Amino acid sequence: MRALRVLAGLASGLVVFAAADLRGQGRVPEPAEYRTSDYRAPTPAGLAGAQVVSTAEAQRLWRDNTAIFVDVLPHTPRPANLPPGTIWRDKPRLNIPGSIWLPDTGYGALAPITEDYLRRSLERATAGDRAKLLVIYCLRNCWMSWNAAKRILSMGYANVAWYPDGTDGWTDELLPVAQAQPEAGAGD
């Protein structure tokens, strides 16, 4: 959300106040590079080259089926050091119905195999149409979606929307969610 500008007329002149949005967005400058640490922190209000969508706009795009929704929340793998016989249960990921889940693609630096996974998955999802609208999200105040949207723009996709409120904003509005599984291809 953009900062709200409030003009107050005072006897001595005009004073301009800027009130940042309640979630902290708008106070963080947009960096030139990817964020590589502290991913769960306030994010910038925008992303150069991408449109920023609100929950209402994301809902309209989803309802009208005019965009591909891409969830980039990381997936917690089974710890390698679990003792034999230990039962491991993945934490379920509930995301926007119909989304593709491309976990681990929002980190600041990607291993070549992960970047290739992102590239191939987007190619499949868009059927090679780099003008298809892609809505990139994860959670509110999470840099993963910002990084992924920036990276997708650098891959030549021309119609990228960043949904900074992600599933937090979606569920705040009591919109439907569905249990998700990561798209095949990452380390399969």
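I counted 4 helices and 9 strands in the chain, taking helices (H or I, at least four residues) and strands (E, at least two) as DSSP runs numbered from the N terminus. From the N terminus on, I read their order as β-β-β-α-β-β-β-α-β-α-β-α-β.

I noted that this is a predicted model, in which local features need pLDDT of at least 70 and side-chain atom pairs count only at pLDDT 80 or more, while totals for chains, interfaces and linings use all residues. Residues are numbered from 1 along each chain as its sequence is written, and side-chain values use heavy atoms, with hydrogens and water left out.

I looked up burial and found that 39% of the 188 residues in the chain are buried (under 20% relative accessible area, 1.4 Å probe, protein chains only). Among contacts (heavy atoms within 4.5 Å) with a separation of 6 or more, 74% join residues 24 or more positions apart.

I then turned to strand β7 (residues 134–137), where Leu-134 and Ile-136 point one way, Val-135 and Tyr-137 point the other way, and all are buried. In a regular strand the side chains alternate between the two faces of the sheet.

For pairing (at least two DSSP bridges between two strands), I found β7 running parallel to strand β4 (residues 68–71) with 4 bridges, Tyr-137 being the bridge partner of Asp-71. I also found 3 bridges from β7 to strand β8 (residues 160–162), again parallel, with Trp-162 as the partner of Ile-136.

Technical notes: Buried < 20%, exposed > 50% of the residue type's maximum accessible area, 1.4 Å probe, protein only.
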